Amino acid sequence: MYDHEKSDPAIVAVKPTNKAGQPAAELVEPRAGAEGNVRQQSTGRAQYRGTVSQALARIRQAARQRKKEKFTALFHHVSIDHLAEAFSELKENAAAGVDGLTCRDYEQHLERNLEDLHARVHRGAYRALPSRRVYIPKPDGRQRPIAVAALEDKIVQRATAAVLSAIYEEDFLGFSYGFRPGRSTHDAMDALMVGITSTKVNWILDADIRSFFDTVSQEWLIKFVEHRVGDRRIIRLIQKWLKAGVLEDGIVTVSDKGTGQGSVISPLLANLYLHYAFDLWAERWRRREAAGNMIIVRYADDLIVGFEHETDARRFLDEMRKRLQEFALSLHSEKTRLIEFGRFAVENRRRRGLGKPETFTFLGFTFICSKTRRGKFQIKRKSRRDRMQAKLQAIKQELRRSMHLPIPQQGRWLQQVVTGYFNYHAVPTNSSTLTAFLFHVTNLWRRTLRQRSQKDWTTWERIKRLADDWLPKPRILHPWPASRFAVRHPRWEPYARIGPVRICAGGAR
């Protein structure tokens with residue numbers, strides 16, 4: 001496998017890195033489920049999934065076996081098969097880029113278009129177009145900038161990201177959860193809950209990296225990619241996307257910072273950047289510097305680190321600031337907090353004459369020190385109040401726009417919205433929030449119906465019947481974190497820090 005084998009184009013060539021004597025990256029936690037794409041659409045647009053899956057499996061195997069070597073022959077994997085697979089994964093109603101080209105337009109002559117795109121990519125004639133800048137509202141009232149890439153850029157980025165993911169999924173650490181296949185926000189929260197309840201965690205560092213996607217150093221990013229990728233054609237593709245710029249108000253802006261939040265390749269590049277800038281350093285700090293127990297959970301640029309000792313927490317925070325500064329990153333001063341949190345926090349604060357332990361937020365939930373009915377320590381999760389209010393405000397605005405639609409049509413739409421909200425937020429200890437959300441949605445529906453006419457006097461009895469007919473009942477849909485975590489990781493692991501099952505927070509190493 002050190003030389004490119006022409007008889008099998010799926011075999012990748014690898015060579016040792018310049019620093020092959022240094023320790024390799026840690027093993028990544030095996031994911032539940034089958035290998036390959038688990039979100040494939042049944043549209044019939046992809047005809048080569050078997051070939052694509054086999055090629056990616058061989059890349060993963062090579063990456064797993066040779067952790068100190070570079071891949072020097074990857075470009076041939078950006079094939080027509082991979083491009084067709086990437087197109088099949090795009091949403092049919094995905095927003096168009098600066099060229100205005102949609103999936104439906106492209107699909108009319110799909111085979112010819114993909115062949116032409118493949119030819120341009122491989123002879124160097126492919127040019128990345130600037131991304132279209134759009135803004136989406138954030139719960140705090142601010143606007144989040146999103147970069148919408150052109151359709152062909154999305155296709156090539158997704159095909160390239162699939163190849164790179166096959167390599168880096170073998171390198172990424174277990175406590176990294178954001179934008180990774182087979183991992184979800186609930187997996188991250190399960191790991192965090194198990195880590196806090198099963199180890200001696202008394203302090204929580206809730207860290208947020210300031211404007212991460214806009215401040216990433218592209219120079220450092222390319223250096224990080226080159227740790228494992230020696231194929232210059234792949235490097236040039238990534239540089240094309242980084243240098244394509246953003247179109248806003250008719251002006252194209254090009255910067256040497258940022259990864260274009262919202263683009264297909266951006267999540268993978270962000271994880272890759274933080275893998276080298278933070279993850280490897282943090283795991284090494286945990287093993288070599290921490291005097292007590294320590295857990296780490298990262299979801300994209302949101303970081304939660306738990307400590308047994310306050311001195312460890314403060315030392316880690318100071319050194320973390322210095323570490324991030326080396327790679328052009330900084331912590332958000334207002335969103336980064338060190339708080340006392342854990343099974344002994346209530347008693348320790350009462351002894352010092354302080355109030356209840358502070359809470360922290362993570363992935364849409366507020367985490368609270370609480371107790372069970374039997375008096376045992378329990379972490380209570382509640383949906384963030386500001387997020388729920390923002391969601392209710394959006395529902396209110398949409399109901400106003402659809403005020404005069406038939407009630408069954410309104411009911412079907414509200415059913416989808418409430419079901420989606422419950423699917424995410426229906427976790428143990430959050431039942432009161434689910435009930436409150438359903439009540440507010442029902443009340444908004446009643447007020448909307450009453451505004452349709454001065455003669456409409458929709459009563460609570462009638463709206464309750466409508467809600468019973470159309471809206472789902474609030475019930476807990478997710479298991480307790482410890483139960484699901486034990487099912488997903490039923491094994492012993494080295495460097496473990498959690499209880500008898502010997503699994504560190506964030507899964508395996």
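Me: Which residue in strand 9 is the bridge partner of isoleucine 204?
Reply: Glycine 306 is the bridge partner of isoleucine 204 in strand 9. Strands here are DSSP runs of E with at least two residues, helices are runs of H or I with at least four residues, and both are numbered from the N terminus.

Me: Before we go on, what kind of model is this?
Reply: This is a predicted model, where local features need pLDDT of at least 70, side-chain atom pairs count only at pLDDT 80 or more, and totals for chains, interfaces and linings use all residues. Residues are numbered from 1 along each chain as its sequence is written, and side-chain values use heavy atoms, with hydrogens and water left out.

Me: OK, back to strand 9. How many bridges does it share with strand 5?
Reply: Six bridges, with strand 5 (residues 203-208) and strand 9 (residues 302-307) pairing in the antiparallel sense. Two strands count as paired if DSSP finds at least two bridges between them.

Me: Which helices pack on that sheet?
Reply: Helix 10 (residues 266-288) touches strand 8 and strand 9, and its direction makes about 175° with that of strand 8. Helix 11 (residues 310-325) touches strand 5, strand 8, strand 9 and strand 10, at about 15° to the direction of strand 5. Contact means heavy atoms within 4.5 Å. Axes are lines fitted to C-alpha atoms, for helices over the stretch in contact, and angles run from 0 to 180 degrees between N-to-C directions.

Me: And what's the strand order in the open sheet of four strands?
Reply: The order is 8-9-5-10, with antiparallel pairing. At the edges are strand 8 (294-299) and strand 10 (337-340), each pairing on one side only. Neighbouring strands are turned by 15° against each other on average, direction ignored.

Me: What about the open sheet of three strands?
Reply: That one runs 11-12-13, and its pairing is antiparallel. Strand 11 (360-362) and strand 13 (377-383) each have a single partner strand, so one side of each is left without a neighbour in the sheet. The twist averages 40° from one strand to the next.

Me: Where does threonine 361 point across to, in strand 12?
Reply: Threonine 361 stands opposite threonine 366. Strand 11 and strand 12 (residues 365-371) run antiparallel and are joined by three bridges. Helix 6 packs on this sheet, touching strand 11, strand 12 and strand 13, and its direction makes about 150° with that of strand 13.

Me: Switching to charges: how many salt bridges are there?
Reply: The count comes to 26 salt bridges, taking a side-chain nitrogen of Lys or Arg within 4 Å of a carboxyl oxygen of Asp or Glu. One of them joins arginine 484 to aspartate 190, with the closest N and O atoms 2.6 Å apart. Arginine 484 is in helix 17 (residues 481-488) and aspartate 190 in helix 6 (residues 185-198), so the pair ties together parts that are 294 residues apart in sequence.

Me: Are arginine 484 and aspartate 190 buried or exposed?
Reply: Both are buried. Buried means under 20% relative accessible area, exposed means over 50%, and partly exposed is in between (1.4 Å probe, protein chains only).

Me: Which residue does arginine 401 bridge to?
Reply: Glutamate 398, at 2.8 Å from N to O. Both lie in helix 13 (residues 385-401), three residues apart, about one turn of the helix. Arginine 401 is exposed at 62% relative accessible area, while glutamate 398 is partly exposed at 26%.

Me: Which residues are linked in a network of salt bridges?
Reply: Lys67, Asp171 and Arg228 are linked that way.
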